[in-house]
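Open the structure in your viewer and keep the sequence panel beside it. The tour goes from one selection to the next.

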Amino acid sequence: QVSAALKEGRVTPTELCQRCLSLIKSTKFLNAYITVAEETALKQAEESEKRYGRGQPLGVLDGIPVAVKDNFNTAGIETTCASNMLKGYISPYNATVVQKLLDQGAVLLGKTNLDEFAMGSGSTDGVFGPVRNPWSYSRQYKEKSVPNSHSDDEESNWVITGGSSGGSAAAVSSFTCFAALGSDTGGSTRNPAAHCGVVGLKPTYGLISRHGLIPLVNSMDVPGILTRCVDDAAVVLGALAGHDPKDSTTIQDNFKPFELPNLTDVSKLSIGIPKEYHAPGLSSEILSLWSKAADLFKNAGAKVIEVSLPHTRYSIVCYHVLCTAEVASNMARFDGLEYGHRSDMNKSTESMYAATRREGFNDVVRGRILSGNYFLLKQNYENYFIKAQKVRRLIANDFVKVFGSGVDILLTPTTLSDAVPYMEFIKEDNRTRSAQDDILTQAANMAGLPAINVPTGLSERGLPVGLQFIGQSFQEKQLLTVAKWFEKQVEFPKIQLEVKRHDHSAFQHQKSASFS
Amino acid sequence: WVPVVGLEIHAQISSNSKLFSGSQVQFAAPPNSLVSFFDASLPGTLPVLNRRCVEAAVMTGLALNCSINKKSLFDRKHYFYADLPAGYQITQQRVPIAVNGSLSYSLCIDNKMSQMVTKTVRIKQIQLEQDSGKSLHDDTRSQTLVDLNRAAIVENLLSLYMEVVMEPDMCCGEEAAAAVRELQLILQTLGSSQAVMAEGQLRVDANVSVHHPGEHYGVRTEVKNINSIRFLAKAVDYEIQRQIEELENGGTILNETRAFDSKLGCTVPMRDKEGKQDYRFMPEPNLPPLILYDAKSLPANMNHQQVVNIDWIHERLPDLPSVKRAKLVEQYGILPEHSFTLLNEDGLTEFFENVVKQTQMKPKKVIGWILNDLLSYLKQHSLTVEESPVSSVLLADLLNLLEKKEISSTAAKQVLAELWKGEGKTPLEIVKEKKLELIQDQKELEQICQAVIDGQENEVMAIKAGNQKVLNKLIGLVQRETQGRSSPVLVKQLLEKKLSE
């Protein structure tokens, strides 16, 4: 819609950009952005405006304000990964996906907040502080929350965004941008998408280039797409997907961007409901929503069957071994010598490395490095790493079998519950939380499959709940088509954000939500 | 005592771009000037395999009679060191690109070029590896790192190389040196590496141990920091000796790494690596298995530009040094040891062949001029064949004059000496200038001979009395008279004829 508006001249890119920048300022308390690139964004908007003036926009994304998670390299703009290790680090190059967005004329507003080095499921463990879920400030949430004796219960009651791409999810959810890039290794795009009521797409591994994405687990990471509707996600996917010679794990085949058809007849569809996803800890609300969704498909004529992915319960442990091993390896380059933080300790190389890494990394990162190195020791390699790889193969095969038996798409919950208040979340440590929260999203990363969170409804507390569709490798078109149909059916409500502007007048935000 | 020597040779692959990223490689460039994003291990960059390097490794593998693994894998080898910015090195620990080959090399027995013997060393494997950058420090690591500013710290020319592992089939420094020399020639012939040790394109580490015949192999040490083939022989021999002495004195050999000190000519223990390192090998997740094809396995619809075809490469292998040498011997009738010298000197074979083409002199004779006169002159003045002031054309001209008997061989040497000055004169011009032509006029020669005979009554009598040796004096006198412009053979004939009259 916004794209059409730009084309028709009803709004200009500069106006759009300025509005978003202003909104970012008003919503600063959300802590969604680490860096706001005001100057460059306005310049990009200006350029875009010129193109529209000539009647030559680069495409649907021309002039559209976007945000990018702070673990993607952006030339000239700080990239920190929310870590002391990279504070002040200005990369000389753009990640491929960033470059592609810019090449399409998108306006890069800034870098969004995350868990340090994308390790976490709450976006609470970065050095710039936690991200607040915009829904904490929504009328829907406030109406449902128990009145507190505290007068500013907003301050103590706010809920988390989920993670680790919480900043991106919050940015999209609060209308400060129209699309954002996240990353997804164990659910890091889908989890915050569910908690923030936005669409979160994890593409098939190998479809989108990882060049420039600071890696967590190279064999599972993918760039994730966060938007307010499924059509938008398809547009962004179209701009980003395709072979990149700089990333040897991208597929060679030509990718053709597609427009999503408006599906009306789902009778030929076979939806699988994996029973193992009825995980311990799954809230009854979500269970009920999941069930209703299944019925929705059934009533519309689709075939809905229960399926089994028997190795699901091993995925957490398997993920833990493989993830920490790769983390230990990927973090080895942070030694303070050429970039990033360097300690003042200078007695010897080793002591400098050690001090730099202790000062630069938080506990979560250090913990994973130690675990990972342990698993990679010669005496442990066979029993842990190799075994985990074998289990990974089994998990992936579960999906192959199920899809091979005629199921087109799987329908599962995305999270175990709606967003918890920050004060409650931090009572458990990062590792425990990650292990709990990743259970529903992780297996898709293990198997490299595409998956998408579609906001489905509001919980009793007035917070978003989403459901997840998992598709077959490189069948994003089918996945998104089904997701779009579902999105239409559920009519997820728009957030009624109550935000105090800096001139201290409250206002409600109900602008057009999407750009396509 | 039986010494046992194995080698690990790291050859920098010569190509326009490096193994995993797009940077140019140049020796001794200012620090960080040739660093691409991947080299500096900037976060978020990914390794990309360079097709040219894969081809280079396949070529080398084929030339060394190896089996090429159609599927090979890449791993990460982790350790922390200043010249390893990523904290790990990408290598092929599990399944390298080529295995089980052999290299034949020759060496002279007793330093006499006339007796050459051929030996073989087994090639265990060839693996593709990412090289680490050179650090700017030597021993005082900590000091260097702190004193220099960050930009200058790591001369981060991440280069790529092939590691060629030679089994411990060699027994002394000479063999090791000969094997490396032959490998160097092969690499240069293939073009897969320029393999110049002085420029860091070829690095050799030697594994040395000794044992008594019939017993198990002894503990081995690794010797590093060897900067030339000559030093390789010295280092190996020194280490063998050191180990023998140590053991004979009742000591033990530690499984350690030692550095060769070229100034002192000995090996010294290197910095302690703090016990055995666990490299925590892990598959490199960003590089899928490397698949190579041959004519049989190549899928029909695949773009041949995108794949590496082993058979295609095999068909295009140039003649290896051993083949080249055999051809030279057969074609020109020169001795095998001559062919070695020809190949050992850059451009010399070509020079030789050019001269042969342009002269009537037989190659067997030409080779003498090439190896004795030309080469020794070049060596004396530290010149390469390319830099020779005497071109093949000039030399051919000169040899033609000699062949046509227009000058004597002594005169020819004189002319050559003039040619070295590089003043642009042709041999003919020099001959005319210095009046070095052989006297062609028989009568004139006879007159001079007669004159000498007439002037040396005593000597003539002695000769007629049977003392042949005095004839040489007469020949010498004639030579002096003619200022060397007479053929000694002809003079002798004439004198003898006259004296017998």
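What follows is a list of stops in a predicted model, each with a short account of what is there.

**Stop 1: chain B as a whole**

Select chain B and colour by secondary structure. There are 17 helices and 16 strands in this chain. Chain B has 501 residues, and buried residues make up 50% of them. Now consider the contacts in chain B between residues at least 6 apart in sequence: 69% of these join residues at least 24 apart.

**Stop 2: an open sheet in chain B**

Stay in chain B and select β4, β5 and β15. Which order do the 3 strands of this open sheet take? The order is β5-β4-β15, with antiparallel pairing. The edge strands, β5 (88–91) and β15 (282–283), each pair on one side only. Strands of a sheet pair through backbone hydrogen bonds, either parallel or antiparallel. Next, pick out β4 (residues 75–78) of chain B, which pairs with β15(B) over 2 bridges.

**Stop 3: cysteines**

Select the cysteine residues in all chains. How many disulfides are there over all chains? The count is 0. B:Cys171 is in no disulfide, and the nearest cysteine sulfur, that of B:Cys172, lies 3.8 Å away. Is B:Cys171 buried or partly exposed? Its relative accessibility is 31%, so B:Cys171 counts as partly exposed. Move on to B:Cys449, which counts as buried because its relative accessibility is 0%.

**Stop 4: a residue on a helix of chain B**

Select B:Glu457, found in helix α15 (residues 457–464) of chain B. B:Glu457 has a relative accessible area of 62% and is therefore exposed. B:Glu457 and B:Arg52 are 81 Å apart in space, C-alpha to C-alpha, and 405 residues apart in sequence.

**Stop 5: where the two chains meet**

Show chain A together with chain B. At this interface, 38 residues of chain B are in contact with 48 residues of chain A. The area buried between the chains is about 3,500 Å², and carbon and sulfur atoms give 54% of it. A search for salt bridges across the interface of chain B and chain A finds 0.

**Stop 6: nonpolar cores**

Select A:Leu109, A:Phe117, A:Phe297, A:Phe399, A:Leu411 and A:Phe469. Of the 142 residues in the largest nonpolar core, these touch the most other members. Helix α11 (residues 315–330) of chain A gives the most to this core, with 8 residues. Apart from this core lies another, of 67 residues, including B:Val121, B:Ile123, B:Val180 and B:Ile244. Return to A:Leu411 and leave aside its neighbours within four places in sequence: among its contacts are A:Ile271, A:Trp290, A:Phe297 and A:Phe469.

**Stop 7: an enclosed helix in chain A**

Finish with helix α7 (residues 166–173) of chain A. Because 8 of its 8 residues are buried, α7(A) is largely enclosed by the rest of the structure. Among these buried residues are A:Gly166, A:Ala170 and A:Ser173. Which elements do the buried residues of α7(A) pack against? They pack against β1 (33–36), β2 (65–69), β3 (107–112), β4 (179–184), α8 (190–196) and β6 (222–227) of chain A. After α7(A) comes A:Phe175, with a positive phi near 70°.

Key: Residues are numbered from 1 along each chain as its sequence is written. Chains are lettered from A and ligands numbered from 1 in the order in which they are written. This is a predicted model: local features need pLDDT of at least 70, side-chain atom pairs count only at pLDDT 80 or more; totals for chains, interfaces and linings use all residues. Side-chain values use heavy atoms; hydrogens and water are left out. A disulfide is a pair of cysteine sulfur atoms within 2.5 Å. Buried means under 20% relative accessible area, exposed over 50%, partly exposed in between (1.4 Å probe, protein chains only). Two strands pair if DSSP finds at least two bridges between them. Helices (H or I, at least four residues) and strands (E, at least two) are DSSP runs, numbered from the N terminus. A nonpolar core is a set of buried Ala, Val, Leu, Ile, Met, Phe, Trp, Tyr and Cys residues joined through side-chain atoms within 4.5 Å. Contact means heavy atoms within 4.5 Å. Buried area is the accessible area (1.4 Å probe) that two parts lose on being put together, summed over both. A salt bridge is a side-chain nitrogen of Lys or Arg within 4 Å of a carboxyl oxygen of Asp or Glu.
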